[in-house]
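The exercises in this document are to be worked with the sequence and the coordinates at hand. Each task is followed by a solution in steps.

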Amino acid sequence: MRAVWLREFGGPEVLALGEAPDPVPGEGQVLIEVAYANITFVETQFRAGGQSPFRVELPVIPGNGVGGTVLATGPGVDPELAGAKVISSLSGTGGYAELAVASAETLHRVPEGLPLDAAVALLADGRTAAMLLGAVAVEPGERVLVEAAAGGVGSLLVQLATAAGATVVAAAGGARKTELAASLGAAEVVDYTEPGWTERAGRVDVVFDGVGGEIGRAAFELLGPGGRMISYGLASGEWTGIPEETAAERGVTLVSLRPNPELVREATRHVLAEAAAGRLRPVIGQRFPLAGAAAAHAAIASRGTIGKTLLEVR
């Protein structure tokens with residue numbers, strides 16, 4: 001099969017298309033003919049030599065999420081799964097390839113009427129957005145600031161928080177991104193590349209911090225007593241790093257996301273159902289062929305992407 005290999009850490013150019021042995025499903029596993037591979041920001045950091053939540057040794061085929069058709073089932077798996085359209089997380093690697101092996105326990109059947117690419121776009125970002133929203137317990141009427149509001153997670157947070165009855169203030173960089181956030185239901189938009197953006201944003205009750213760095217720290221200042229902030233990303237290259245004592249002095253709670261397998265599974269089911277019902281729209285901003293994995297990583301690093309970036313494998 002064709003696959004993208006990472007043989008050394010470095011820039012996007014280290015990702016190279018090559019051949020790999022066809023994987024074989026083992027006990028409790030299925031073989032998936034991959035149609036789309038999900039790309040996450042974490043994967044771009046890992047490729048560059050950053051930390052990974054998985055123990056990985058090079059060389060490796062990157063990619064932790066795929067969508068496609070079940071070709072074969074291993075021992076202990078219902079053979080009726082063969083032919084099903086599914087999405088699945090993997091064990092941290094193997095996604096940028098024509099074939100992938102996944103645990104049957106991690107599969108989600110794609111709901112009727114939901115395109116496979118949309119389901120893949122929801123796999124990592126959708127469950128993350130749903131879990132973040134639940135962790136901070138957004139209440140109707142609250143003002144909620146969503147950073148990186150045109151990104152994969154942010155664009156879904158805008159929609160989910162709006163549906164929960166919040167007034168969403170979407171913060172993003174540039175007119176193209178703020179216009180997208182507005183089209184997704186944000187009540188207000190601010191461009192955080194412009195001076196004075198925090199004054200235009202005003203006081204908020206909740207901050208979803210997917211950027212970190214100076215933007216995250218500036219967003220923290222918009223919170224007052226009873227406010228909550230949850231940091232889940234570092235698109236700026238560094239975490240926001242607000243000390244617990246500083247937050248306590250302002251009466252602000254720093255919320256942490258502590259997912260477990262059942263929470264992850266339920267969050268995934270929820271966003272797939274919402275999308276199938278037409279109440280949630282994943283934004284697929286960029287598509288690249290499998291051979292274009294390096295270009296996809298470069299596009300994400302350029303900060304010019306919107307929504308989700310997918311590899312189109314077939």
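The exercises below concern a predicted model.

**Exercise 1.** Determine how the axes of helices H3 and H9 are oriented towards each other, and which residues form their contact.

*Solution.* Step 1: H3 spans residues 125-136 and H9 spans residues 261-276. Their axes lie 8 Å apart, at an angle of about 105°. Step 2: angles of 65 to 115 degrees count as roughly perpendicular, and H3 is therefore roughly perpendicular to H9. Step 3: on the H3 side, the contact consists of Gly126, Arg127, Ala130 and Met131; H9 contributes Leu263, Val264, Ala267, Thr268, His270 and Val271. Step 4: sorted by class, the residues of this contact are 6 nonpolar, 3 polar and 1 charged.

**Exercise 2.** Carry out the corresponding analysis for H2 and H3.

*Solution.* Step 1: H2 covers residues 116-123, and its axis comes within 3 Å of that of H3, with a crossing angle of roughly 50°. Step 2: this angle makes H2 oblique to H3. Step 3: Ala121, Leu122 and Leu123 of H2 meet Asp125, Gly126 and Arg127 of H3. Step 4: the classes here are 3 nonpolar, 1 polar and 2 charged.

**Exercise 3.** Locate valine 158 within the packing of the model.

*Solution.* Step 1: the largest nonpolar core contains 47 residues, and Val158 is listed with Ile87, Val146 and Phe208 as having the most contacts inside it. Step 2: beyond four places in sequence, valine 158 touches Val146, Ala149, Val168, Ala170, Ala181, Leu184, Gly185 and Ala186. Step 3: a second, separate core has 38 residues, including Val4, Trp5, Leu31 and Ala97.

**Exercise 4.** Is glutamate 188 buried, partly exposed or exposed, and which residues does it contact?

*Solution.* Step 1: glutamate 188 belongs to strand E10, residues 188-191. Step 2: its relative accessible area is 28%, and glutamate 188 is therefore partly exposed. Step 3: leaving aside neighbours within four places, its contacts are Arg143, Thr167, Val168, Val169, Ala170, Arg200 and Ala201.

Technical notes
Residues numbered from 1 in each chain as written. Predicted model: local features only at pLDDT ≥ 70, side-chain atom pairs only at ≥ 80, totals over all residues. Heavy atoms only, no water. Core = buried A, V, L, I, M, F, W, Y, C linked by side-chain atoms within 4.5 Å. Buried < 20%, exposed > 50% of the residue type's maximum accessible area, 1.4 Å probe, protein only. Contact = heavy atoms within 4.5 Å. Axes fitted to C-alpha atoms, helices over the stretch in contact; angles between N-to-C directions. Helix = DSSP H or I, 4+ residues; strand = E, 2+ residues; numbered from the N terminus. Parallel < 35°, antiparallel > 145°, perpendicular 65-115°, else oblique. Nonpolar A, V, L, I, M, F, W, Y, C, P; charged D, E, K, R; others polar.
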